[in-house]
Every structure is written in C-alpha cells, then in structure tokens.
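Here is a protein model with ligands. How does one read the surroundings of a ligand and of a single side chain?

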Amino acid sequence: MPKIIRINAGVPQVMDDDWELVRAAELASACEPHRKIVPLSYFRSMLEEHRPSNIQAVWISPDDDFESLVPELRSMKVIAVDFPTFRDGRGYSVATLLRSRYQWDGELRAIGDVLRDQLNYMRRCGFDSFAVRADKDIDDAIKSFNHYSVKYQGAVDDPLPLFRRRGGL
Amino acid sequence: MYQYDEYDEVLVRERVSEFRDQVARRLSGDLSEEEFLPLRLQNGLYNQKHAYMLRVAIPYGVLSSAQLRMLAHIARRYDRGYGHFTTRQNIQYNWIKLEEAPDILQELATVQMHAIQTSGNCVRNITTEQFAGVAADEILDPRPLAEILRQWSTLNPEFAFLPRKFKIALSASKEDRAAVRMHDVGVYMHLNAAGQKVLRVFAGGGLGRTPILSSQIRDDLPWQHLLSYVEAILRVYNRYGRRDNKYKARIKILVKALGVDAFAAEVEQEWLHLKDGPSTLTEDEYERVAHFFRQERYEQVDAHDPTFERQLADNKRFAQWVKRNVREHKVPGYASVTLSTKPGAGVPPGDVTAEQMEHIAAWADEFGLGEIRIAHEQNVILPDVRLRDLHALWYRAVAQNLATPNLGLLTDIIACPGGDYCSLANARSLPIAESIARRFDDLDFLCDLGELSLNISGCINACGHHHMGNIGVLGVDKDGEEWYQVTIGGAQGNESALGKVIGPSFRAEEMPGVIERLVETYCQVRVEGEAFIDTLARVGAEPFKANVYHHAV
Ligand code: HEM
Ligand code: SF4
C-alpha cells in the first residue's frame, strides 16, 4: 500500500494511505467512489446532473473554481489540492482559503509534485497530509518538518504573527 | 539600525542549516538540478557564465560597518577580492563555489546577514531610498515599515512559489529616490490632512520585456493595514497571475489584463476578509522597530563650521566634490556623503574591492555613526558625517579612488554586469560603460552638462534600468553580433517616465559617438539652466535623432 505523511496531534508520521487517487473523470465514473479521491470536475458534473453520489473525497486543481462549491464540499472526508508542478504555488493560497475563510477542518491533502523542501510551507498553509511524489523517499522527506522553529508571519498553522508575541505582548 | 533579537538570529541559522542540507543533497544527486534550482535561487545562488553567483541581501540598502567588513572578508576568502553593488541595493559575488555557499551564509549570519529570497519567484529584498532617516525632505522614515515588511515576507509560506519575482519599494520623502513606480508594488507613505500616517499604494510596475510604470490602486490606507493589504495583493496575484508564459507572469501583466480598476476592486474584496485581522500592525510593534533606527548619537554641533568653510574656500577640488557628492542632512552640522563607485574607465559601475570596503567601514566608524547605505545607482553612502570631518574623509576617499565628483552626471553610469558575467546577456555592457567614461573624462564639461542619467543593460531583462535613464542603452543580438539600442527620455523620481527608442541600433564602437551627438544636440538647443530631460521634453526627440543618424550615415 502506498504511504503518505499525516500530521497526527501535531506530529508528522509516515502511514499507509487508505485512499486511492483517481486522476481522470472517466475513471471516476467507472468505479465505486468508496475511499476514492475523485476530481472536483467529476463531483460537479454529478451535482449538475442531479445524480445521487456518495463521493467522499475530491481533489482540486488550481484552475478549478472550488469556491462556488464550498457548501457541497463540507460533507467530504478528504479534500486534496493538486500541485501540477512544485513550482506552481496556487495550492498554498487554495489551502489557506479552505482553512481560514471556509473553515474546512477535515483532512487537507497535498497531492501531485509534492517534494520534501515544500512540505513545511504546505503545513503552514494548513495541509495535514502529504502524498509525497512516488519516486522520492518518504522517510527522508519527513525530516524536513523540523528545520524551522521561528515563523515571522501568521499563517493557517498559527494566525498570530510573531510581533504579537515578541517582548511578551 | 535594526538589531536582530533571538528570533531573527535563530531563523537565519535555521535557514543556513536547511540550505547546507539542500546543497549536500544536490551534490549527492538526491536533488535534481531542476528541483534544486528554486531552492538555490531563494538562497541567492545563480549559476552564471563562469561560476556560481551569490546575491546577498542588504535589506533596504542599510549596512553596519561590521557587516561591510564581513562583505570584504567574503570577497577575499571566497571570491576574487571584490563585490558588485546592484540596482537592487544588494551585493553580488561572481566567483562562488557551490560547495562553499553554505559556509558563506554561515559567516554572514554572524553579522545578521543572509541571502534569503534575493532571487526566485518570491517577495524579494524590500527597497527604499539611500537617504532614509536623514533626508531633509523626508516626511516619514520608511525603514521601520520596510523592516516590518522584510520580516513578513521572509519565508512567507503562501508566497514562496509565485508566478514570478515580486519587488516592493517604499518612499516617504517629497522626492522619490527609490524608483517606486517601476516595482511590482510601490508604497508612498505620507501624512494625510488629519496628520495620520497613510499609504498610497501602486501596483503593476516593472521593467524587462514589457516596461510599465505602476498605477495607483489605493490612497489613504492607514499604515496599520500594510501587511494585510500587501497580502491581499499577493493572494490575487498568486491565484490569477499567468503561469503559462514566463514573460507574461509578472503582476504588471495581470493589472493590465484586468484593468487597474478591476484589479484594485479584486484586491479590495480580498482585503475585506483580512482587514483588522491578526496581521494588523500595532503601535507597539512600530515603536519597537522604529526604536532601532532612531539615531541618538548625533552631537550638538553648529550648522556652520568655520574650518569646513575655510577648507571649501581654499580647495577647489574639495569644493567641487562637496557640491556634487555631499548632501544636506536633517541634523545641523552633518551631511550625507556619496562615494562614487564610478571613477571612470577601468572600474565597472558598482564594483568595490575588499580593501575599499574595509576603508569605507573604517570611515563610517571614524567620521560617521557606523552606518553605510547602498543606493540603487550602485553608489555607497556615508549618511552621517560631521561637516568638520568632510575634508579628512575626502582626502582618504581620493586615495581610494572613491571621490569622483560625478554624482548624477553622465559618467555616474548604471550598468548591469552584462555579457562579461551574465549568461542571459545579448551583449556586453561594461565595455560600453567604459568607452563612454573614457570619452567623457573632462569633469568641467560634465559639470556644465549637469544632471544626465545614463543606464545600460545587456539584455531586455533591464537589470541596468535602461528604460529609466535619460539616455538608455540596451544590448541586443543581431545574427550573433552585439548591437546596442538607444532610448531617450527615461526618468526616475516624481516624474518617472520610460524612455523611447530613437531608431536603429548601433555597433559597440559607435556608442561613444552616439552619446556625444545626443549631448551635442542638447548643448545646442538648451536654454540656460535647463536639464537634458527638460530640453528633450520641450523640443522633442527629432533634433536628437537627426543629429545622431545624420552622422551615422
Ligand atoms: C548576473 C545575474 C543576473 C541575472 C541572471 C538576472 C536576471 C534577471 C531577469 C531574468 C530579469 C527579468 C525578470 C522579469 O522581467 O520578469 C531581471 C530583471 C532585473 N534585474 Fe536582474 N539579473 C542579474 C543581475 C542583476 C544585477 C547585477 C542587477 C543590478 C545591477 C539586477 C537587477 C535587476 C532589475 C532592477 C531588474 C528589472 C526589474 C523589473 O523588471 O521590475 N539584476 N534580472
Ligand atoms: S540585463 Fe540581462 S545581461 Fe544584464 S544582468 Fe540582467 S539578465 Fe544579465
């Protein structure tokens, strides 16, 4: 079974991935949605066609307009955000919005080109599970979480900027 | 100046250890070059023509003497004995070994310096003007907010992988000396009618392939909202900026595509969610940071120093230097001194040797208050010198070839490293700067010409700000040969303008002659006391073109 990193009570851990990522909408339609992460576009088409769906998890591409579906997304068990390449930083803003503006408090997973040196940024923007790119050593990647103890600015993990704590304020 | 506390110290050390680990993984092959690229860029490391180049951050252009000594040490120990000050108020070293980069960063950390986000698609070094805190025309000191922005942008997790680089500049004087409107975001601080500190925010400026001056998107923003407002701008840009084409990825293209009003409305809408949130600045934080910049060591001295006035009267060359390179200070009895890094042919603009850096650091301690500034014109400033010490300083600066009285004149050339170092160049810029400096080596003639800026870039990226020069020179490639395109009419400051191309480009050897024709035209048609740029505005480009191309055929 593939592995992911999940933050459990604040501690990143490598564990088995009990979800299957379905990349293409055609494939999603052919399978039972149980424990599958399907494309948001597929979920949207189900809603538009008023077909009953028991979809439990979706993944969002940075081009998707997810904000128009926020109420429907609340019933999900997992929301995943795709990084088509690690250089595409839109997923950080998507995660920040899901967590801070839309109060998503379920599992938020980074998928796609997820690499070790980006994990800490992703965590700060509210991701709590990480499907590290398959060709990378996940036990190596997990080491990257403890490089930093100082955070200047507020983010999802801690909205209070350092200046509100400095000098015991 | 700003002093690190425990948090800042720890963060910079954590960064060094992270980068050391990344370099080790690159060297062992764990990281591909493609994966390593953005990581090294965010640590200031480029792979250039001959070697790696390291760009060290000089936040808002402010240095202590100890920091400058460290920069000299780095130049000697890890480079070839010099460094290059840039139009972004940073310093670049051109001959770096990848294996040594972590050690350099570790040494820099001992004097509270780093290379974080000096490159890459993230928020870059925040810039302001070189006379911040001492300028007589200052409305407010921009440095505290610049430092607050520095901290906010450092390792900001949401904005480390933007569509493209992002540059922010602040100015808070009557005159804009920070080229604010050519930045992605530019902020003018001022006092409103009620006497409150407010911000006028511009967005969408930048040079490069598509040069655009930024547009105002907000006025009268209370300073407490600086961070949340910039966050709103960056979020809109991060989500909607183009990523399909590197040349269309800057925020200026987004602002242009949406239209300024629609862009501003998007930002405003985003900001409503962030307004008054935890990143709203507090008076306490402002005071904490501002405290570090307040200079309390000024002596009570007379505004007129009789010795200084005698020295001025007795020594014409000294007087000439004072007139050009020494500026009024807001504290009586003090002045700000610009040390020109452009002594003429033979020294690339912005290049300073380790030995010169050590001398400058010593002068800052002896004649000033231990502080140094870097200007975007690539010169070095001693901001606080007592009038009575100016003569002694001048004497020593002459010996170090740093006292050329050409500030703001034609030979105060801004030039990028061009084809001599840069792998993106289409043409060399330094030999052009050199040949022009050689042709115009008569100081009296230059002084008579007055203010005239000349900027040179080796390619369309515009690192030498050629669009903003009264005369701009751009290196272009034609069938593998180096050619130079000339623009006139560019200007920085309150009346910022982008230059216009005068016609077909020239060969390197023609360039000094072309500049001569432009200057000649100016001398023929100017009226008494009129600057080059004003003459051009009055008579238009035609007489200039006619003279240049008449002679060229
Ligand atoms: C030698 C290594 C350098 C490389 C590879 C480099 C690369 C670039 C590139 C690719 C751009 C265009 C970016 C864009 O428009 O999106 C650019 C712009 C710029 N660079 Fe450099 N540069 C170098 C050195 C310098 C130096 C030495 C300076 C200062 C003297 C400098 C200052 C600037 C400035 C001011 C711009 C224009 C900013 C703007 O468009 O808003 N760069 N550089
Ligand atoms: S303008 Fe071009 S040649 Fe000059 S430094 Fe920038 S990228 Fe290199």
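The dialogue below goes through a predicted model.

Q: What does the shell around ligand 1 consist of?

A: The shell around ligand 1 has nine nonpolar, nine polar and six charged residues. Of the 24 residues, the closest are Thr87(B), Lys165(B), Leu207(B), Arg250(B) and Cys463(B).

Q: Which polar atoms of Arg250(B) and Leu207(B) lie by an oxygen atom of ligand 1?

A: For Arg250(B) it is a side-chain atom, 2.7 Å away. For Leu207(B) it is a backbone atom, at 2.8 Å. Arg164(B) also has a side-chain N or O atom 3.2 Å from an oxygen atom of ligand 1.

Q: Where is Asp384(B), and is Asp384(B) buried or exposed?

A: Asp384(B) is in strand 14 of chain B, residues 380-386, and is buried.

Q: Why has Asp384(B) no salt bridge?

A: A salt bridge needs a side-chain nitrogen of Lys or Arg within 4 Å of a carboxyl oxygen. The nearest side chain of opposite charge, Arg373(B), is 5.5 Å from Asp384(B), so no salt bridge is counted. The side chain of Asp384(B) does make polar contacts with those of Tyr298(B), at 2.4 Å, and His329(B), at 2.9 Å.

How values were computed
Residues are numbered from 1 along each chain as its sequence is written. Chains are lettered from A and ligands numbered from 1 in the order in which they are written. This is a predicted model: local features need pLDDT of at least 70, side-chain atom pairs count only at pLDDT 80 or more; totals for chains, interfaces and linings use all residues. Side-chain values use heavy atoms; hydrogens and water are left out. Helices (H or I, at least four residues) and strands (E, at least two) are DSSP runs, numbered from the N terminus. Buried means under 20% relative accessible area, exposed over 50%, partly exposed in between (1.4 Å probe, protein chains only). Lys and Arg count as positive and Asp and Glu as negative; His and the chain ends are not counted. A polar contact is a pair of N or O atoms within 3.5 Å; within protein, one must be able to donate a hydrogen and the other to accept it, and residues adjacent in sequence count only if both atoms are side-chain atoms. A residue is near a molecule or strand if one of its heavy atoms lies within 4 Å of it. Ala, Val, Leu, Ile, Met, Phe, Trp, Tyr, Cys and Pro count as nonpolar, Asp, Glu, Lys and Arg as charged, and the others, Gly among them, as polar.
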